[in-house]
Amino acid sequence: MRETSSYDYAVIRVVPCVERGEFLNVGIILYCPTRRFLGASLHLDQERLGVLAPQLDFSALQEQLEHLVQVCYGKKNSGPVGQLSQSERFHWLVAPRSTIIQTSAVHSGRCSDPEVELQSLLNKLVLVPKHQEASESEKAKTF
């Protein structure tokens, strides 16, 4: 069995109306310094977000989210922040903001493969399982 390493992660959220505090989880940022890994994964569910905020410009939102991923991976077109060290980029990405795109508090864990853990967290915290969606819509019909 491969040795485990500690990591920190935050959930990327879209907060369409900051005053109301409602949000939808749309991604994960994971930083594992011992494995020299900083990664992000996104899933923007426009249908669910459209219920919360039909007025949003989804293409502009998607563009901004993709820019965060570019910063995360240190891509050349990510600007000066994208050229910082992994640690500095992670801390910049998870810094508190009062904008439409925010992150949760930073949480910690241990894993043997950060890339696998990133996808696992995306599945648990962002994606809605199909059977859960169906049961929630059935509950909604009963009220």
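1. A disulfide is taken here as a pair of cysteine sulfur atoms within 2.5 Å, and in this predicted model a search of the whole structure by that criterion returns zero disulfides. Cysteine 32 is in no disulfide, since the nearest cysteine sulfur, which belongs to cysteine 111, is 5.1 Å away, and the cut-off for such a pair is 2.5 Å.

2. The cysteines can also be described by their accessibility. Cysteine 32 has a relative accessibility of 0% and therefore counts as buried, the limit for that class being under 20%. Cysteine 17, by contrast, counts as partly exposed because its relative accessibility is 29%, a value that falls in the class between the 20% limit for buried and the 50% limit for exposed.

3. As to the overall fold, the protein has five helices and five strands, and, read from the N terminus, these elements follow the order β-β-β-α-α-α-β-β-α-α. When contacts with a separation of 6 or more are considered, 62% of them in the protein come from residues 24 or more positions apart.

4. The protein has 143 residues, of which 38% count as buried. Its accessible surface comes to about 8,600 Å², and carbon and sulfur atoms account for 53% of that surface.

5. Turning to the aromatic side chains, the count comes to two aromatic pairs. One of them is formed by tyrosine 7 and tyrosine 9, whose rings are tilted, with 6.1 Å from centre to centre and 45 degrees between the planes; both tyrosine 7 and tyrosine 9 are buried.

6. Another aromatic pair joins tyrosine 31 and phenylalanine 90, and this one is stacked, with 5.2 Å from centre to centre and 25 degrees between the planes. The pair links distant parts of the chain, as tyrosine 31 belongs to strand 2 (residues 24–32) and phenylalanine 90 to helix 3 (residues 86–93), the two being 59 residues apart. Both tyrosine 31 and phenylalanine 90 are buried.

Notes. Residues are numbered from 1 along each chain as its sequence is written. This is a predicted model: local features need pLDDT of at least 70, side-chain atom pairs count only at pLDDT 80 or more; totals for chains, interfaces and linings use all residues. Side-chain values use heavy atoms; hydrogens and water are left out. Buried means under 20% relative accessible area, exposed over 50%, partly exposed in between (1.4 Å probe, protein chains only). Helices (H or I, at least four residues) and strands (E, at least two) are DSSP runs, numbered from the N terminus. Contact means heavy atoms within 4.5 Å. Accessible areas come from the Shrake-Rupley method with a 1.4 Å probe; for residues, only the protein chains shown count as cover. Rings of Phe, Tyr and Trp (its six-membered ring) pair if their centres lie within 6.5 Å; planes under 30 degrees apart count as stacked, over 60 as edge-to-face and the rest as tilted.
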